[in-house]
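Please look over the model shown below together with these notes. They are set out as numbered points, each on one part of the fold.

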Amino acid sequence: MPELPEVESLTHFLRERAVGRTVLGVDVVAIQALKTFDPPVTALGGLSVTGVSRHGKFLDLDCDGLHLVIHLARAGWLRWRDDLSGAKPVRPGKGPLAVRVRLAPDEEGPAPGFELTEAGTQKRLAVYVTKNPEDVPGIASLGPDPLRESFTVDALKRIVSGNRTQIKGLLRDQKIIAGIGNAYSDEVLHAARMSPFKIAASLTDAQIADLHEAIVTMLSEAVERAHGLAAKDLKAEKKSGLRVHNRTGQPCDVCGDTIREVSFADSSLQYCPTCQTGGKPLADRRLSRLLK
C-alpha cells in the first residue's frame, strides 16, 4: 500500500511533470473507481494543471480550481507515460487499468500522461472530481500530518492521552494521524523499541518522545530516499528501506534476532521480539497477552 513517503514522492514527481499542462481527457476504465458525478469527470478536459499536493495518502491535482483527487488504496499505483498518443482504448473489466489521464504535449513533443492501475480483486482505488478537496470524506476526517511542524511531542501526547487503542492500530488510523499505514507503523514501532500491542494511554512521557522521534525520523528519511525517483522505482526503494515489515524469518538488522509475524484476517504485522517485546514472541493477536 502506498503510504505517506511514496505519495509525497508522487506529488513531487507529478508537480515536475504535469503542472502547466492542459488536461486533454480523463478516461475512466473501472467505473467503480469514480466516486463522484458532479462535476462530471469530463469537466477536467481543457483545464490546466496548476498544482499538485498531498492530503495524508491522497493525491490532489488542482486543475484551474477543479480538483482531481486520487486515493491509491491497498493495491493501486500511478504509472507515468511519456507518450500516450498511441494508447489503445481499454474495455472495462480487462486488466488492471482503472483510469487514464491524458495531458497536452509540449509544442511538437509526445502527449504524456499517467495511468492508475490496481492489482487484485478487491477494487478500492478511488478517484474524485470536486471543487473542494475537503468535500472528500477521507480528507475531511484526516488527523494531523506527521511531517508538519505542528506535529510536536505535545501534540502526540494529547493524541495518546486516554486512548485505550493498541499503538499499532492508533498509528494506522487516518483519523488520528494521517499517512501512516501497515508498513511504516511496523517500522516506527521497531525504531521506537515498542510492542505493537502496547496500549497508547500507557505510554510514559519518555516513550511518547521516543515514538515521536521515530515517526518523524522514519517518515522523513523515507521521503528523502524517494525524492527524485521515477514513479516506477518507488516500490523497490520502499522495500529496500524496510527493516522489519515483510521480513518475517530474517534476522533483525539491530540485534540479530529473528523477525516474527502476527497474522490477522486481511493483514499482518512484523516485529522483533528482542527489540520490542522483551524477547517474548507474540504467537497470535487473539491469544497473546498484551505486552506492557
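1. Against which elements do the buried residues of H5 pack? They pack against helix H1 (4-17), helix H4 (167-172), helix H6 (205-226), helix H7 (234-241), strand E10 (268-271) and helix H8 (273-276). Helices (H or I, at least four residues) and strands (E, at least two) are DSSP runs, numbered from the N terminus.

2. This is a predicted model, in which local features need pLDDT of at least 70 and side-chain atom pairs count only at pLDDT 80 or more, while totals for chains, interfaces and linings use all residues. Residues are numbered from 1 along each chain as its sequence is written, and side-chain values use heavy atoms, with hydrogens and water left out.

3. Helix H5 (residues 182-191) is largely enclosed by the rest of the structure, because 9 of its 10 residues are buried (under 20% relative accessible area, with exposed over 50% and partly exposed in between; 1.4 Å probe, protein chains only). Among the buried residues of H5 are Asp186, Glu187 and His190. Just after H5, Arg193 takes a positive phi of about 55 degrees.

4. Glu115, in strand E7 (residues 113-118), is buried, with a relative accessible area of 8%. Its side chain makes a polar contact with the side chain of Arg100 at 2.8 Å (a pair of N or O atoms within 3.5 Å; within protein, one must be able to donate a hydrogen and the other to accept it, and residues adjacent in sequence count only if both atoms are side-chain atoms). Leaving aside neighbours within four places in sequence, Glu115 is in contact (heavy atoms within 4.5 Å) with residues including Trp77, Arg79, Arg81 and Arg100.

5. Ala73, in the loop between strand E4 (66-71) and strand E5 (76-81), has a positive phi near 55 degrees and counts as buried at 8% relative accessibility. Asn246, in the loop between H7 and strand E9 (260-263), has a positive phi near 60 degrees, but counts as exposed at 58% relative accessibility.

6. The peptide bond from Asp38 to Pro39 is cis, with omega near 5 degrees, and Pro39 is placed in the loop between E1 and strand E2 (49-55).
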